[in-house]
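Me: I'd like to learn how to read a few features off a protein model. Could you walk me through them one by one?

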Amino acid sequence: MSMYGRDPWGGPLEISHADSATDDDRSRNLDSDRAALSTTSRQLDETQQSWLLAAPGDQGTKKNKYVDLGCLIVSRKLFLWTVGTVVATAVLAGFITLVVRTIPRHHRPHPPPDNYTLALRKALMFFNAQRSGPIPKHNNVSWRGNSGTRDGLSDPSYGKSLVGGFYDAGDAIKFNFPASFAVTMLSWSVIEYSAKYEAAGELGHVKEIIKWGADYLLKTFNASADTIDRIAAQVGQGDTSGGTTPNDHYCWMRPEDMDYPRPVYECHSCSDLAAEMAAALAAASIVFKDSKTYSQKLVHGATTLFKFSRDQRGRYSSGGSDASFFYNSTGYWDEFVWGGAWMYLATGNSTYLKLATHPTLAKHAGAFWGGPDYGVFSWDNKLTGAQVLLSRLRLFLSPGYPYEEILRTFHNQTGIIMCSYLPVFTTFNRTRGGLIQLNHGRPQPLQYVVNAAFLAAIYSDYLEAADTPGWYCGPNFFSTGVLRDFARTQIDYILGKNPQKMSYVVGFGARYPKHVHHRGASIPKKGVKYNCKGGWKWRDTKKPNPNTIVGAMVAGPDRHDGFRDVRTNYNYTEPTLAGNAGLVAALVALSGEGNGVDKNTIFSAVPPMFPTPPPPPAPWKP
């Protein structure tokens, strides 16, 4: 019995039931299978024999037509064509490479450095000339050598090493107060403009200067402790009212030849100094944030110092101390605001931000009462710098409640200060040559001018980074470019665009001061040691200094644009650490082709902000 179905390949499919087949049928089928197998076997044998017995010519033909690659048999023509193409391509590529390498390249030359970059490189060299202690081999100031190698140890009442740091000015005294301000300013400029420093080839140099200063500050107190009760505020003595006693101002000697006593002055209640030192170490910790161990060391030192500044209130220069004759501090409240802001940026601890934005501190620092020096940023008064720094915080992080009210106040006050710098307003007088008189015609004006130029340039960059085209002075709107113009005109004056046609930065331009009030620069390095009074002849000579102190910004002209290049008149010709730090900061802000600050690095330690909502209003009552 059969059933028919559909063959999937087409045609009927016959299915036979096995139980219906007979033994004869199975026998016939088996005989048929054997016959088919025998036939197939004979066909295979014949095929193999035909391959084996093929004529030699036939085998050659097959070999010519195909190439056996082991796992693949391909046409000989295809194989030869492929190999030829690969070889030809390789030869062509090699030829092109050879031609490209032999043809001279015409690179587009980099634009020459602008004047600000050239001056920046020189201004940093001043710090090399001011180094105390063992001088590094790469210092690049040929007339300087090791000096002050017994500082601290030579004072029996102190007895610990205070080797290192920087000499303040034309003398060999080490004042922590202006030196700390210089470290803070340099650090701030690096945090904001590291790309510009790198483009100028000076990033490593300026960081080395900052570290040299910070390492010395760490020596002047017990930096490993959490609580301290004193700071070594000064090394060397400058007061000459005692008569003919040899000291750093009575004597005129190379630092390498000093043989007179160098006493150490300690302070036990010095809030202004401690808070400024804390600001310096905190700012430096952000500069060196990629060196974790060193950065943490700086933060710990800053924390200890700021705690000391809050616990032991007082001015470091009170009581007629030696420092009061040279760097007298008028108060410590501005350092609390300034130092608190830097401590917050270095640690992210909101306790410091609450302190820096406390209305009482702002009031005591003079934020609300103005005065003739309102808006003047200096080694003594840091309020204006703190206002700009905290305005930056509001522009980019906007921390909101409970900080917003005082931050908005600081932001508004910063705008007013920037207005006061503009020539259209008469807040500050100007010389006929255009130099702003921030110290109201008193001597040594340039240190204040460079700080204002830096603040104007950096605030302009802050506004641009926040996509803000300008700011209001009363009803009048001014673009950010106006601030940069102010900064440029002031720095250009210092670099030579003035009635004297003289650059006030030594070594920059064709004409600059040659009789700088500086002991090391004025005494030749000839292997001759001049004693305390023996160097007076080099102080009093009318000959130019034998050594050029490259990059030193002198004190500057008088209020009539006049300048006397006289070594004995320090009000004209003496450079300082604080003054040069402001100059470096202003120059780097103006240097290069583009504007722009690094928006984020300064906030690297600040955690994400989740502002606390303000408290709900009181219930309404009829």
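Reply: Let's start with a disulfide, meaning a pair of cysteine sulfur atoms within 2.5 Å. Here one joins C419 to C473, with an S to S distance of 1.9 Å. Before we go on, this is a predicted model, where local features need pLDDT of at least 70 and side-chain atom pairs count only at pLDDT 80 or more, while totals for chains, interfaces and linings use all residues. Residues are numbered from 1 along each chain as its sequence is written, and side-chain values use heavy atoms, with hydrogens and water left out.

Me: Which parts of the chain does the link of C419 and C473 tie together?

Reply: Helices (H or I, at least four residues) and strands (E, at least two) are DSSP runs, numbered from the N terminus. C419 lies in helix α13 and C473 in strand β8 (residues 470–473), so the pair ties together parts that are 54 residues apart in sequence. The link is left-handed, with -100° about the S-S bond.

Me: Are C419 and C473 buried or exposed?

Reply: Buried means under 20% relative accessible area, exposed over 50%, and partly exposed in between (1.4 Å probe, protein chains only). Both C419 and C473 are buried.

Me: How many disulfides does the structure hold?

Reply: There are three. Another one joins C251 to C532, S to S 2.0 Å. C251 sits in the loop between β6 and β7 (264–267) and C532 in the loop between α16 (519–522) and α17 (536–540), so this pair ties together parts that are 281 residues apart in sequence. C251 is buried at a relative accessible area of 1%, and C532 counts as buried at 12%.

Me: Why is the disulfide of C251 and C532 called left-handed?

Reply: Because the torsion about its S-S bond is about -90°. Compare C267 and C270, whose sulfur atoms are 2.1 Å apart: with 65° about the S-S bond, that link is right-handed. Number the bonded cysteines of the protein chain in sequence order and the pairing reads 1-6, 2-3, 4-5.

Me: On to rings. What describes a pair of aromatic rings?

Reply: The distance of the centres and the angle of the planes. Rings of Phe, Tyr and Trp (its six-membered ring) pair if their centres lie within 6.5 Å; planes under 30 degrees apart count as stacked, over 60 as edge-to-face and the rest as tilted. By this rule the count comes to 30 aromatic pairs. One of them is F306 with F336, edge-to-face at 6.4 Å centre to centre and 70° between the planes. F306 is in helix α8 (residues 292–311) and F336 in helix α9 (residues 333–347), 30 residues apart.

Me: Why does the pair of Y421 and F486 count as stacked?

Reply: Their ring centres are 5.4 Å apart and their planes at 15°, so the pair is stacked. Y421 belongs to helix α13 (residues 404–421) and F486 to helix α15 (residues 480–494), 65 residues apart. Y421 is buried, with a relative accessible area of 0%, and F486 is buried at 3%.

Me: Which charged end sits over the ring of Y158?

Reply: A charge sits over a ring if NZ of Lys or CZ of Arg is within 6 Å of the ring centre and within 35 degrees of the ring normal. For Y158, the charged end is that of K160, 4.3 Å from the ring centre. Likewise, the charged end of K211 sits over the ring of Y294, 4.7 Å from its centre.
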